[in-house]
2 protein chains.
Amino acid sequence: MTYCIAIRLDEGLVFLSDSRTNAGVDAVSSFRKMAIFKKDGDRVMVLMSAGNLAITQAVRHYLNHPEDDGPSIWNASTMFEAAQVLGDIVRKVRDRDAEELQKSGIEFNIHLIFGGQIKGQPHSIYQVYAAGNFIEATVETPYFQIGEAKYGKPILDRVITQETPLKEAAKCALISMDSTIKSNISVGLPLDLLVYPKDDLKTNHLLIIDEKNEYFKMIHETWGKRLRQIFSEIEDPVW
Amino acid sequence: MTYCIAIRLDEGLVFLSDSRTNAGVDAVSSFRKMAIFKKDGDRVMVLMSAGNLAITQAVRHYLNHPEDDGPSIWNASTMFEAAQVLGDIVRKVRDRDAEELQKSGIEFNIHLIFGGQIKGQPHSIYQVYAAGNFIEATVETPYFQIGEAKYGKPILDRVITQETPLKEAAKCALISMDSTIKSNISVGLPLDLLVYPKDDLKTNHLLIIDEKNEYFKMIHETWGKRLRQIFSEIEDPVW
């Protein structure tokens, strides 16, 4: 399985994904779930995916190899247009594969988060469905999750608003991921973390986090310890 | 939807359930999900349920109206036997209803937690499936959840062991429920909480918790506040 989060803040964007695919006991393998498309100074776009890996890779292939002179994420003038390009690609892959997959009893199943910024345009994130349609994050719901989303949702609901500073949001995403990894064996390290300050149009803050990452280790140890501490400080019920 | 938790501890048992059924925007109604079967001084048994309400009520009906001289939870000599009685009832309801439900496109869908104690026997909890089979909680996994289980799982995983005192486990169950209610609109108050000290063979610590319950209000306010506080105390990442 998978767990990916994207957060849209006044200060910028945060993207975090795990890399565990197909975590059966004898089939634990890792594939990057975050793909970055960028032209420094012009546009930065990030795609995170959950669901069928073959469909995901097909979608990424078409993003990377647009038809000559056709609409692409490289010539889109807004993030909305770029999301439409992505939605059209999902539909193209579905038209090619869905019926054949069904013959093998496999559902056409893909969940995508897509976001970034094009120069002079606002930064934004979208959740793109298997039908190729999509929604955009709003003030009320400034984050999207795909995959094993429920374990890590409570901490996001308690902490994140659009005004949360970028670094705090990155910390919160890592705690949300840590809780998910602890409760669900199918989500695992390494993680890809991209923190994007708006108008940066570069990806200077891209981190691959593995078992040796000191900050994640600190979060993992401290959060559990502090949680147990505040838990013990809350008085027990009396009957 | 539903969220129910049962925890088996050295000191006894904790059962907690919400009471929201069918939480569509115009169909919010409440049904108790916890049923208690007891004969003071002899046996205390608790059934919590998620899934199709009609199936649940049919199962409860047969538990309450056993055939004359047939095996029942009232004459079972161990909790294992009582769980078998329950499993057989689930199968009886399935045999009567499953095929008919399927004609209306409805799956035979029920999730049960069953636990308690019979005099002179150990206290225990079971998770009973729609197929009528069941598993028992162990040292490694001292709790069961049914319904919207994922939101509230991380805090259980961080706090609960078999040695956790009863009151602390009740507190932890309430925090787990509070996180679930905050993140999922389909789980709601009032709650039924039963704390059962082993060998008690009575139900003195049964609480119905609604909006006015001071302890739950305190947990709701304090936990969110303290979480945000320890969150802010953890240092931000540096790149």
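This is a predicted model: local features need pLDDT of at least 70, side-chain atom pairs count only at pLDDT 80 or more; totals for chains, interfaces and linings use all residues.
First, the ground rules. Residues are numbered from 1 along each chain as its sequence is written, and chains are lettered from A in the order in which they are written. Local features need pLDDT of at least 70 and side-chain atom pairs count only at pLDDT 80 or more, while totals for chains, interfaces and linings use all residues; side-chain values use heavy atoms, without hydrogens or water.

Of the contact residues of chain B, 100% recur in chain A, so the same surface serves both copies (contact means heavy atoms within 4.5 Å).

Next, the interface. Each side is counted separately: 42 residues from chain B and 42 residues from chain A. The buried area is about 4,500 Å², with 69% from carbon and sulfur atoms; that is accessible area lost on putting the two parts together, with a 1.4 Å probe, summed over both.

What gives the most to the side of chain B that touches chain A? H5(B) does, with 14 residues.

Eight salt bridges cross the interface, each a side-chain nitrogen of Lys or Arg within 4 Å of a carboxyl oxygen of Asp or Glu. One of the salt bridges pairs Lys171(B) with Asp236(A), at 3.3 Å from N to O.

Over all chains, the whole structure has 28 salt bridges. Take Lys33(A) and Asp18(A), which pair at 2.8 Å. Lys33(A) lies in the loop between strands E4 and E5 of chain A and Asp18(A) in the loop between E2 and E3, so the pair ties together parts 15 residues apart in sequence. (Strands are DSSP runs of E, at least two residues, and helices runs of H or I, at least four, numbered from the N terminus.)

Are these two buried or exposed? Lys33(A) has 4% relative accessibility and counts as buried, and Asp18(A), at 0%, also counts as buried. Buried is under 20% relative accessible area, exposed over 50%, partly exposed in between (1.4 Å probe, protein chains only).

Lastly, Asp157(A) and Lys153(A) form a salt bridge at 3.0 Å. Both lie in helix H3 of chain A, four residues apart, about one turn of the helix.
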